[in-house]
Amino acid sequence: MKEGTLLKLLKNPNSKNKGFTLLVGLYHEKTYWMIRKMVLSHDSANDVLQNTYIRIFKGIENFKEKSKLSTWIYRIAYNECIRFLSTESKLKKVELDSNDDNYSRKLYADEYFDAENLSLKFHQILSELSLRQRNIFNMKYFDELKFSEISKITDMNINTIKSIYYSVEKIIKKEIDESTL
Amino acid sequence: MNQHYNKLGFKIPQNYFQKSKDQILGTNINYQTKKNKYNYRSTFQLLVAAIFLTSILYLNFSKLNTEPNNFSSESPIISTILLNEEITDEYIIDYLTDKIAVNEIYIPK
């Protein structure tokens, strides 16, 4: 379905519910995984996902169509994650440039984490990154978003994003190479 | 979900996405329906309140229009006004005698 058609459905009060059902069908899994990588535990991701959809449902009439619908959805999800992490860390504003000291604790506390996988090494590297670096890397590498989309979602300069991504990619490659030697 | 996700070791409960979709659609669409019901109800309530207030006002005004014709011209004060006479003590005393019981008037010692 074309985005324009979906938006028409969503913005018409008579077809809003139908449009919303289609939207959930299209973006549900991708939005969940994007959130999960930021908040780590499944239960937290589920809560944040619910709040994200409530915001989407209430705010769709105000969507100005300056970006793709998917970018707008991921931006809401991203902001909802930042809000959740701030509440979780009891800070007014989460520190994007500092490391998450509880990264491993959160992972191991989650019953939906498979510690048997090669994931351990990967998470060890990710845990050493700042939240900002990790988010940018996740969005590009896992979610396969364009740099321009990441820029709109995070409200950051595109060149800064590129620079962060390539430096993180370098770190990860180096770490993996060292561990396989 | 692309192949790289396997590297993260994240798992989800069985049928999570289907259950979650149903829950989200139920929550948001029910919210909207409830909101609409509430709006219809409040509009109806406003309409009933408006009709009620209009009828009270109408009844009161129609009562006010008829009241001036219901006065008793036998009252000494009214008749005095109607006949354009001066009010004297005599009329007032008569009026008070008629209308007020003597034992209800407090006379200080």
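This is a predicted model: local features need pLDDT of at least 70, side-chain atom pairs count only at pLDDT 80 or more; totals for chains, interfaces and linings use all residues.

Me: What makes a residue count as buried?

Reply: A residue is called buried if 20 or more other C-beta atoms lie within 10 Å of its own. In chain A, 29% of the 181 residues count as buried.

Me: And what does the secondary structure of chain B come to?

Reply: Three helices and zero strands, so to speak α-α-α when chain B is read along the sequence. For chain A the tally is nine helices and zero strands, with the pattern α-α-α-α-α-α-α-α-α.

Me: How do you know how confident the predictor is in chain B?

Reply: From the pLDDT, which runs from 0 to 100. Chain B averages 71, and 43% of its residues score at least 70. Among the elements of chain B, H3(B) (residues 89-99) has the lowest mean pLDDT, 67, while H1(B) (residues 16-66) has the highest, 77. For the complex, the predictor gives an ipTM of 0.72 and a pTM of 0.64.

Me: Back to chain A. Why are H2(A) and H4(A) called roughly parallel?

Reply: The axes of H2(A) (residues 16-39) and H4(A) (residues 69-88) cross at roughly 30 degrees. Angles under 35 degrees count as roughly parallel, so H2(A) and H4(A) get that label. Their axes also come within 10 Å, and H2(A) passes H4(A) in a right-handed crossing.

Me: Which residues of H2(A) and H4(A) meet?

Reply: On the H2(A) side they are Tyr27(A), Thr31(A), Met34(A), Ile35(A), Met38(A) and Val39(A). They meet Ser70(A), Ile73(A), Tyr74(A), Ala77(A), Cys81(A), Phe84(A) and Leu85(A) in H4(A).

Me: Why is Phe142(A) called partly exposed?

Reply: Phe142(A) has 19 C-beta neighbours inside 10 Å. Buried takes 20 or more and exposed takes 12 or fewer, so with 19 Phe142(A) counts as partly exposed. Phe142(A) sits in the loop between H7(A) (131-141) and H8(A).

Me: What about Glu144(A): buried or exposed?

Reply: Glu144(A) is in the loop between H7(A) and H8(A) too. With 11 C-beta neighbours inside 10 Å, Glu144(A) falls under the limit of 12 or fewer, so Glu144(A) counts as exposed. Glu144(A) also has a positive phi of about 55 degrees although it is not a glycine.

Me: And why does Glu65(A) count as exposed?

Reply: Glu65(A) has 11 C-beta neighbours inside 10 Å, and 12 or fewer means exposed. Glu65(A) lies in the loop between H3(A) (42-59) and H4(A). Its phi is near 60 degrees, a positive value in a residue other than glycine.

Me: Last one: which residues of H8(A) are buried, and how do you know that they line one face of the helix?

Reply: In H8(A) (residues 147-154) the buried residues are Glu149(A), Ile150(A), Ile153(A) and Thr154(A). Seen down the axis of H8(A), they fall within an arc of 120 degrees, so they line one face of the helix. Just after H8(A), Asp155(A) takes a positive phi of about 60 degrees.

Terms used
Residues are numbered from 1 along each chain as its sequence is written. Chains are lettered from A and ligands numbered from 1 in the order in which they are written. Helices (H or I, at least four residues) and strands (E, at least two) are DSSP runs, numbered from the N terminus. The arc is that of the directions from the helix axis to the C-beta atoms. Axes are lines fitted to C-alpha atoms, for helices over the stretch in contact, and angles run from 0 to 180 degrees between N-to-C directions. Angles under 35 degrees count as roughly parallel, over 145 as roughly antiparallel, 65 to 115 as roughly perpendicular and the rest as oblique. A crossing is left-handed if the near helix is turned anticlockwise from the far one by less than a right angle, and right-handed if clockwise. Two residues are in contact if their C-beta atoms, placed from the backbone, lie within 7 Å.
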